[in-house]
Amino acid sequence: MNLMRSEILGLDKILKGGFPKPSAILIAGPAGSGKTTIAMQSIFTASEKKEVCMYVTSLNEPIAMVNNFMSKLSFYNISLLSTGNMNYIPIGTETLDKGIYSFMWNLEESIEKIKPDRIVIDPITAIGSTLDKEAKRRFYYDLFLRMKKWDALVIATGEFTEEELMTSDLSHVSDGVIYLSDDEVNKRRVRHLEILKLRGQGYRTGKHPFTITDEGVILHKQELPEPDIPYSTTRVSTGVSGLDSMTEGGVFEGSTMLISGSCGTGKTTIGTQFIAEGANAGEKGMIVSFVESDKQTINNARSIGHDISGHIASGLVNVIYTNPSDLEAGEHAIKLRSMIKEMDIKRIFVDDIHVFSDLMTPFDAKDHIKLLADIFRSNGITSMFAQITDVSKTIRDFNDYGMDSSVLLSLREEEGHTEKTISVIKMRGSAHDTGIRQFEVRSSGIDIILPSSQ
């Protein structure tokens, strides 16, 4: 089967390779859901790669108006219209007044002349809107039958609610149907894309979150073109000597560690020491925070004996703070991936991944955290992730997201005072201390109290 890339970041992974060619794909959804953005992004990005594309619009809008609302998107390059790779075919009311089949024949003449690889009809629901139900059914059936002879990927958009789509003739005659929705999740609006149908090809089911940015549509489940990095047996110090002892010499280079614990147990302190340890050895590190601003991070590090301001000034440490209310998870992950490559980052501390649970469904949050871990692993980065947890939870309740190692910090009451404890829950590929050890946060950092034999 001949597959064509969708040219939408992350969508080909969901499509398991791309769209079949030739085929007719319907992108449906309510107004403002992103249908036109996906369609335009597909053809303009493909046109940049020298594919011949055609944009057929049945809206009564001149090209100047199209330019106005699309020009803010980075993929929209109006100069492509003069290269012959991008062809703009407007369909006005005058054309449709001559008869719906007259329009179809004229369109096929243009297709025969241009021979496009990829065609967008936006929106197809406006064509034939004046026909009665039976005439519209016959027209759509005939049009989509002709599409299969065009030897092109045809993307048609249509404004539908989910209920309307289920009974629409277009959903039946299309080779594939993609539905876009804007759902409420944890009192926030989250856009989702769902493949409802794709003839002759497997695909990933379920609703997939996406974001519309200046770069266009970005699905949170991105593709990872980087090759897998062989698992290293080289040990990397965590920056906490007691934790290094508990893990038989530190974590493995390029691995991931989850630090779980309730508020005030020392998760951020361990993560900061981990980054400072690398910087002291000349390794570039990054603190990705959704909890503390840059200044708070510097002040907190200084309070435990690590003045990272000099490392920040020299470029050895980068602090990236994002207010959770401004966070777009997919866009944030893409920026991180770009930055870690440009800066040659070796260590990363993410504080705190609970933010994703507030933004997404539990399934989407789990997938996104795994995605970040895979990005770091594939770039050979040793990483720590902090996760705030409920004090009432037991070890069995924790989700470690497939991390290579997991550490649990807890609080317990002892004779009128509170003690902090640490335990290594798992460490893939290595023996480790299985005990529950007491620790204190001092002006010099984390001090774990170990048996004299250690």
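This is a predicted model: local features need pLDDT of at least 70, side-chain atom pairs count only at pLDDT 80 or more; totals for chains, interfaces and linings use all residues.
## The open sheet

The model contains an open sheet of 9 strands with mixed pairing. The order of its strands is β16-β15-β17-β18-β14-β19-β20-β21-β22. At the edges stand β16, residues 317–321, and β22, residues 445–448. Each of these has a single partner strand, so one side of each is left without a neighbour in the sheet. On average, neighbouring strands of this sheet are turned by 25 degrees against each other, direction ignored.

## Strand β14 and its partners

Strand β14 covers residues 256–261 and runs parallel to strand β19, residues 405–414, to which 5 bridges join it. Two residue pairs illustrate this pairing: Ile 259 has Val 407 of β19 as its bridge partner, and Gly 261 stands opposite Leu 409 in β19. Strand β14 also pairs with β18 in the parallel sense, over 6 bridges. Here Leu 258 has Phe 385 of β18 as its bridge partner.

In a regular strand the side chains alternate between the two faces of the sheet. In β14, Thr 256, Leu 258 and Ser 260 point one way, whereas Met 257, Ile 259 and Gly 261 point the other way. The residues of both groups are buried; accordingly, β14 is described as mostly covered, with 6 of its 6 residues buried.

## Helix α10 across the sheet

Helix α10, residues 267–280, lies across several strands, among them β14, β15 (285–289), β18 (382–388) and β20 (417–427). Helix α10 runs at about 160 degrees to β17, which comprises residues 347–351.

## Helix α13

Helix α13 consists of 15 residues, 329–343. At 1.5 Å a residue, the helix should span 21 Å, and its end C-alpha atoms are 21 Å apart, which agrees.

The buried residues of α13 include Ala 329, Gly 330, Ala 333, Ile 334, Leu 336, Met 339 and Ile 340. His 332 and Arg 337 also belong to the buried residues of this helix. Just after α13, Asp 344 takes a positive phi of about 55 degrees.

## Cysteines

How many disulfides does the model contain? With a disulfide taken as a pair of cysteine sulfur atoms within 2.5 Å, the count comes to 0 disulfides.

Key: Residues are numbered from 1 along each chain as its sequence is written. Side-chain values use heavy atoms; hydrogens and water are left out. Two strands pair if DSSP finds at least two bridges between them. Helices (H or I, at least four residues) and strands (E, at least two) are DSSP runs, numbered from the N terminus. Axes are lines fitted to C-alpha atoms, for helices over the stretch in contact, and angles run from 0 to 180 degrees between N-to-C directions. Contact means heavy atoms within 4.5 Å. Buried means under 20% relative accessible area, exposed over 50%, partly exposed in between (1.4 Å probe, protein chains only). The expected span of a helix is 1.5 Å times one less than its number of residues.
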